[in-house]
Amino acid sequence: MRAVLYVDDKDDELQALKCQLADRYRVITCNDGASAAAVARREHPSAVVLDIQMPGYDGFRVLADIRALPDPPPVLMLSGYNEPLFVVRALRERIQQACGV
């Protein structure tokens, strides 16, 4: 069964997505950004679902850590935060990845 790593500091969000995907994927949850890359390295998920706004170690830092892994999985970043600067930063990160920067 393919694995999906879901990283979010909110336990209710982790459980909600886990319930939605559990019949098709092995869902690995991680509730802090600082340990997310280590979990990804150990578990080798097929994909990562990543919250952008987390205290301390935010989603952008986690994204950088995951991209540094050999053969990194695709990452879907989510957020309920609609501040324009977060949207611009997320788009810039995606553009950098697509261009290989």
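The views below all come from a predicted model.

**View 1. Helix α2 and the residue that follows it.** Helix α2 spans residues 36–43, and within it A36, A37, V39 and A40 are buried. Seen down the axis of α2, these buried residues fall within an arc of 160°, so they line one face of the helix. An α-helix has 3.6 residues a turn, so residues three or four places apart point the same way. Among the elements that cover the buried residues of α2 are strand β1 (3–7), strand β2 (26–30) and helix α3 (59–67). After α2 comes H44, whose phi is positive, near 50°.

**View 2. The largest nonpolar core and a separate one.** The largest nonpolar core has 16 residues, and those that touch the most other members are L5, V7, C30, V48, L50, V62 and I66. Two or more residues are given to this core by each of β1, β2, α2, β3 (47–51) and α3. Apart from this core lies another, made of six residues, which include L14, L21, V27 and V49.

**View 3. The surroundings of V7.** When its neighbours within four places in sequence are left aside, V7 is in contact with L14, C30, D32, G33, A36, V48, V49, L50, D51 and M54.

View 4. D58 lies in the loop between β3 and α3. The side chain of D58 reaches the backbone nitrogen of F60 at 3.1 Å, and it also reaches the backbone nitrogen of R61 at 3.0 Å. Not counting residues up to four places away in sequence, D58 touches I52 and R89.

**View 5. Salt bridges around E43.** Side chains of opposite charge can pair when their charged atoms come close. R26 forms a salt bridge with E43, the closest N and O atoms being 3.1 Å apart. Because R26 lies in strand β2 and E43 in helix α2, the pair ties together parts that are 17 residues apart in sequence. E43 also forms a salt bridge with R42, where the closest N and O atoms are 3.5 Å apart. R42 is exposed, with a relative accessible area of 55%, whereas E43 is partly exposed at 25%.

Note on methods: Residues are numbered from 1 along each chain as its sequence is written. This is a predicted model: local features need pLDDT of at least 70, side-chain atom pairs count only at pLDDT 80 or more; totals for chains, interfaces and linings use all residues. Side-chain values use heavy atoms; hydrogens and water are left out. Buried means under 20% relative accessible area, exposed over 50%, partly exposed in between (1.4 Å probe, protein chains only). Helices (H or I, at least four residues) and strands (E, at least two) are DSSP runs, numbered from the N terminus. The arc is that of the directions from the helix axis to the C-beta atoms. Contact means heavy atoms within 4.5 Å. A nonpolar core is a set of buried Ala, Val, Leu, Ile, Met, Phe, Trp, Tyr and Cys residues joined through side-chain atoms within 4.5 Å. A polar contact is a pair of N or O atoms within 3.5 Å; within protein, one must be able to donate a hydrogen and the other to accept it, and residues adjacent in sequence count only if both atoms are side-chain atoms. A salt bridge is a side-chain nitrogen of Lys or Arg within 4 Å of a carboxyl oxygen of Asp or Glu.
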